Each structure stands twice: as structure tokens, then as C-alpha cells.
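Work through the following exercises with the sequence and the model at hand. Each task is followed by a solution in steps.

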Amino acid sequence: MANLYLTHRCDRGCPFCFARKVLKESGRIDEILTIDEIVRFLDHYGRETDGVGLLGGEPFLYPHFDELVGLLLKRKVFAKIFTSGTNPLPSSLAGCAPETLLGKVAFVVNVGSRDTYTDDKYANLELLLRRFGPMCSLSFTIFDLAADPAYLFDLIDRFHLNRDIRVGIALPIYNGGNKYIPKEEYKKAGDYFVETAKRAAERSISLSMDCGFTACMFTTEQIGALLARGTALNFVCGAAVDVGPGLKVWNCFPLFQLGKVDALDYPDMQSLREALGRQCAPSLAPGEGIFEECAGCDMRLKNYCQGGCKSFKSI
């Protein structure tokens, strides 16, 4: 699934944000992916874009959000909206009957603990979750190994949300600027993930791994414990395709500054992904993974684990 990166604007300020450096570059804050560019992208790739992610920044701050939703609905393109939920609902969402969007729109909502919100921001989040309930999945990024994840479970029960949580691990960006889990603490992060999965399972909630995790974060016993609790394991890179202003494309935000290609220069998505790989490769440190042990790791040689996020090889 390609992601449409709509706008740099965001008022959440998450310390682990991959886009943090770009968002601080004041000369770029007003850049947007235009509706015309989106139409050209969808036309070019046709059936390969029957579903797209909507990213930012914050998608709800995109000035043409309502027009875009109408366009995607008309074209029968599924939209997965990645949002903090802390801004007022755009009119296309506030003014519709939620059931009319079932199977057409879904929300991935990155949430923090209650103390990270002002009252008005939290009220906006509650409104989104209350209105769209089962169409919402929570997203959580591990960056503080002392954080209590219980608030996630409480929100799921309170608003009848999807009972699977998308869990990522905070990753570095080229030239720094964000908070992330250093690879030396990956074992501790693995322990934290396992404990969270166990607590979630007690409330009939499962976890799904986003990219960035490595198999060696966990013992064999821990892997078994995760599988027994319905965890969707993922130790390989999803090779995201993020399409931004000017139809420039990059792999994902941790690698945003390592080079981009033009979206319409390739005949299909596979060719586009291969071009992105060639573009980034010269800027990455050599090696087969983020740890020295990755070179001879049986898990990596069998393609079960890719050896962690390439962003570590860019810093």
C-alpha cells in the first residue's frame, strides 16, 4: 500500500517522531501534496493503488482533506488514515453517518497517556474514537521503557475499538532530532513488548508488530509466549512507499533525507521500490543488519528477520 504524505503540519510534537527534523524546517512547513498530484499518481499506478495510507504531519490539518476523501470514495480507493486524533474532525467525517464509511475508511490512531494532552486535544481524540469506534485501531510507539500501557487497553474497552494494537519501536532518523531506542537496549525493549503482550492478552487484546523489531530481541521462550497470545510477529522491513509534495517518493521517514525519486518515472510499484533501494544504498553503512551478529544469523539467512531498521545504518 502506498502512503500519501499530505502535509508537514502537525501540532502533536511526539518526541520519537520520524518527521521531527523536517517539521522544524520552517521553509518547508507549507509544502503539501496537491489534489492534482494525487490524481496523477492514482491514474499512473491504477489498480496498484486500490488502497492508500494518508500520512502527515497530521492528515486532519491537510487543507484539502474533505476533497481528497470525496475523491477516494468516488474512485473506490480504500483510505487508511494515520492520525493523532487531536484536531477537530474534518467536515467529511463529522457530517457523515459512520456506517457509510465501513470498509472504505479506517483509522490508525497513535495515542499517548492522558497527561500528554491538553483538555481540548483529548476531547477531540475521544470524539474520533467514540464516533468511529470499531473502525479505529490504536498505534503505540515504544520509546519509554517505563511507560505503563494500561491506558491503551482502557481506551479499547471504553470505545469498543479494534482489539489489536499496532506497536512500533522508536527508530532514529538521519542526522538525529528524535528520541529512539538505542540498539543496545533492544533486549530490554523486547522484555517490555512481551510484558505488554501478556497484559493485553488478559483483556483479550492482541499486538501486531510494525517494522523495526529484530528476532534476537526475544528468547525462544518469549517468541512462543507471543505466538500463544496471538501476536502478529514481523521482523522484516515493509518497504513503505511514501509519496510527498511534488510527487517525490522516499522509502520511509527515517530514511527521508537519504534521497528521493520521482513517482511517475516508473511503470509499476515494484520498479519504484527497486529504484528507492538503489537511491538509498550509497548512504547506508555496509553490513547485513544493525548488529555484527546479523551477518551469520540463521534467522536472517532464512529471511525470517531482516536485521533491524536500515535507519541505524544511516546515523
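The exercises below concern a predicted model and cover aromatic pairs, the sheet and the nonpolar cores.

**Exercise 1.** Classify the ring pair Phe-16 and Phe-143, and state which parts of the chain the pair links.

Solution. 
- The search of the whole structure gives 13 aromatic pairs.
- In the pair Phe-16 and Phe-143, the ring centres are 5.1 Å apart and the planes are at 45 degrees, so the pair is tilted.
- Planes under 30 degrees apart would count as stacked and those over 60 as edge-to-face.
- Phe-16 lies in the loop between β1 (2-7) and α1 (20-24), and Phe-143 in the loop between β5 (136-142) and α6 (150-159). The two residues are 127 residues apart, and the pair links distant parts of the chain.
- Phe-16 has 12% relative accessibility and therefore counts as buried, whereas Phe-143, at 24%, is partly exposed.

**Exercise 2.** Classify the ring pair Phe-60 and Phe-65, and decide whether its residues are buried or exposed.

Solution. 
- The centres of the Phe-60 and Phe-65 rings lie 5.5 Å apart.
- Their planes are at 80 degrees, so this pair is edge-to-face.
- Phe-60 and Phe-65 are both buried.

**Exercise 3.** Find which arginines lie over the rings of Tyr-117 and Tyr-122.

Solution. 
- Over the ring of Tyr-117 sits the charged end of Arg-12, 3.9 Å from the ring centre.
- Over the face of Tyr-122 lies Arg-114, at 4.3 Å from the ring centre.

**Exercise 4.** Give the strand order of the sheet, then name its edges.

Solution. 
- The sheet is open and has 10 strands, in the order β7-β6-β5-β4-β3-β2-β1-β8-β9-β10, with mixed pairing.
- β7 (206-209) and β10 (261-262) each pair on one side only, which makes them the edge strands.
- Val-167 stands opposite Met-209 in β7.
- Helix α5 (residues 119-132) packs on the sheet and touches β3 (78-83), β4 (105-110) and β5. The direction of α5 makes about 145 degrees with that of β4.

**Exercise 5.** Describe the largest nonpolar core and the place of Phe-213 in it.

Solution. 
- This core has 86 residues, and Phe-213 is one of those that touch the most other members, including also Ile-38 and Phe-107.
- Helix α7 (residues 186-201) gives the most to the core, with seven residues.
- Beyond four places away in sequence, the contacts of Phe-213 include Val-167, Phe-193, Phe-218 and Phe-235.
- Phe-193, Phe-213, Phe-218, Phe-235 and Tyr-304 make up one aromatic cluster.

Conventions. Residues are numbered from 1 along each chain as its sequence is written. This is a predicted model: local features need pLDDT of at least 70, side-chain atom pairs count only at pLDDT 80 or more; totals for chains, interfaces and linings use all residues. Side-chain values use heavy atoms; hydrogens and water are left out. Rings of Phe, Tyr and Trp (its six-membered ring) pair if their centres lie within 6.5 Å; planes under 30 degrees apart count as stacked, over 60 as edge-to-face and the rest as tilted. Helices (H or I, at least four residues) and strands (E, at least two) are DSSP runs, numbered from the N terminus. Buried means under 20% relative accessible area, exposed over 50%, partly exposed in between (1.4 Å probe, protein chains only). A charge sits over a ring if NZ of Lys or CZ of Arg is within 6 Å of the ring centre and within 35 degrees of the ring normal. Two strands pair if DSSP finds at least two bridges between them. Contact means heavy atoms within 4.5 Å. Axes are lines fitted to C-alpha atoms, for helices over the stretch in contact, and angles run from 0 to 180 degrees between N-to-C directions. A nonpolar core is a set of buried Ala, Val, Leu, Ile, Met, Phe, Trp, Tyr and Cys residues joined through side-chain atoms within 4.5 Å.
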